Amino acid sequence: MQTPNVHKSRSFPWHILIFLAPAVIVYTVFMIIPLIDSLRLSLYAITPDHQEVFNGLNNYVVLLTDPRWSAAFQNAFWNNVKFFIIHMVVQNSIGLLLASLLVAGGRARSVYRTLIFAPTVLSVVIIGFIWNLILSPLWGVGESILKAVGLGALFAPWLGLASSALTTLSLISVWQFIGIPMLLFYVALLGIPEELMEAARVDGAGGWTAFWRIKFPLILPTVGIVAILTFVGNFNAFDLIYTVKGAQAGPQFATDIMGTFFYRTFFGSQLQLGNQPMGATVAGMMLFIILAGVAVYLFFWQRRIATYDL
C-alpha cells in the first residue's frame, strides 16, 4: 500500500502578491523612485547651458563648509532640533498625562478622547489660518481673551518676534498633534492587566508610585515608538511653517527648519533662485539625519528595552 506524500511542496502564495502589489507600486512610484532620483541629483551640478555634470560629494562639502550655505543650513538644523525638543518634552508629556487621566475612567472619556484628537484630522492650512487670526495683534481674539482673565499684559505679537515665533509655531503644532501620542499611550496603558495594579495597591503603593514603578516601565516600548515617530515627523515638517510664515520662514529666518530650507533652495523664492542639485543635497542631508535618528532608536533603545507578554 502506497502512503501519501505528506511533504508536498506548497504552492507559492500568489494572493499575497496580488494584495501587496497596488500599495508597493504606488509607494515605489511616488516615494522610492523620487528619493533615488533626488539622491542621484545631489551628486550632480548644473552648468550654465543647463547640462548635468557629475560632481561627486562636492555639493555636500559646499553645504557644510561654504559660508553662503552652511550658515543657513545650521540655522535650519538647530531650529529643527528646537522644534523637535519642544514636541518631545511638551507634546509627549502632556499626551502621556492625558492618556493616564482617560484610563483612570470617567463617564465622558470617549467624548474627551474625541475632542482631544479632533485637531489632528484638520487641515494644516485651516490650523495655520485660525491661529494667525487668533494671535494677530490687529484683529485677533488672543489679546481679548488674556485681558478677560487679567493677563493682558502678557500678550505680544509672538508670531512676529524672532525670539518667540518658532516656539509659538511649535506649540501650535503640539496642540494639533497631541492626540496621536495620547492615543498610543492610551492603548498601551489599557493593555496593562488590572491584576498588577490591584497587587500594587495591596502592597501599599500609591497612584504615583504605581505609575512610575509599574505602568511606565511596561509602556517603555511605546515611549520609544512615540519618540521616533515624533523625531521623523518633526524633521519632515514643512506645511505649518509654510502656511503661517511662508517660504522665507520669517521673521529673519527665525522659523526656518529643514523642510522650508529645502523648499526655498530647490524651488527658489523672492530672495534667491532655485538650485535643484543643492536642494537635492539638502534633501539628502534630511534623509541622513532621519536615518541616524532611526539607527539610534534601533540600536540604543529598542535592543535594550525589555518587553513583557501581558
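Buried residues are those with under 20% relative accessible area, exposed residues those with over 50%, and partly exposed residues those in between (1.4 Å probe, protein chains only). The legends below describe a predicted model, in which local features need pLDDT of at least 70 and side-chain atom pairs count only at pLDDT 80 or more, while totals for chains, interfaces and linings use all residues. Residues are numbered from 1 along each chain as its sequence is written, and side-chain values use heavy atoms, with hydrogens and water left out.

**View 1. The salt bridge between Asp256 and Arg264.** The two side chains meet at 2.6 Å, N to O, where a salt bridge is a side-chain nitrogen of Lys or Arg within 4 Å of a carboxyl oxygen of Asp or Glu. Arg264 is buried, at 3% relative accessible area, and Asp256 is likewise buried, at 1%.

**View 2. The salt bridge between Glu52 and Arg40.** The side chains of this pair meet at 3.0 Å, N to O. Glu52 belongs to strand E2 (residues 52-54) and Arg40 to helix H1, so the pair ties together parts that are twelve residues apart in sequence; helices (H or I, at least four residues) and strands (E, at least two) are DSSP runs, numbered from the N terminus. Glu52 is partly exposed at 41% relative accessibility, and Arg40 is partly exposed at 31%.

**View 3. The salt bridge between Glu143 and Lys147 in helix H6.** The side chains meet at 3.5 Å, N to O, and the two residues, four apart in helix H6 (residues 142-148), are separated by about one helical turn. Glu143 is partly exposed at 25% relative accessible area, whereas Lys147 is exposed at 53%.

**View 4. A nonpolar surface patch that includes Phe30.** Among the residues that make this patch of about 890 Å² are Ile25, Tyr27, Phe30, Met31 and Ile36; patches are made of residues with over 30% relative accessible area and no salt bridge, with like charges joined within 9 Å and nonpolar side chains (Val, Leu, Ile, Met, Phe, Trp, Tyr) within 5 Å. Phe30 is placed in helix H1 (residues 14-41) and is exposed, with a relative accessible area of 59%.

View 5. Four residues of domain 1 are in contact (heavy atoms within 4.5 Å) with nine residues of domain 2.

Methods. Accessible areas come from the Shrake-Rupley method with a 1.4 Å probe; for residues, only the protein chains shown count as cover.
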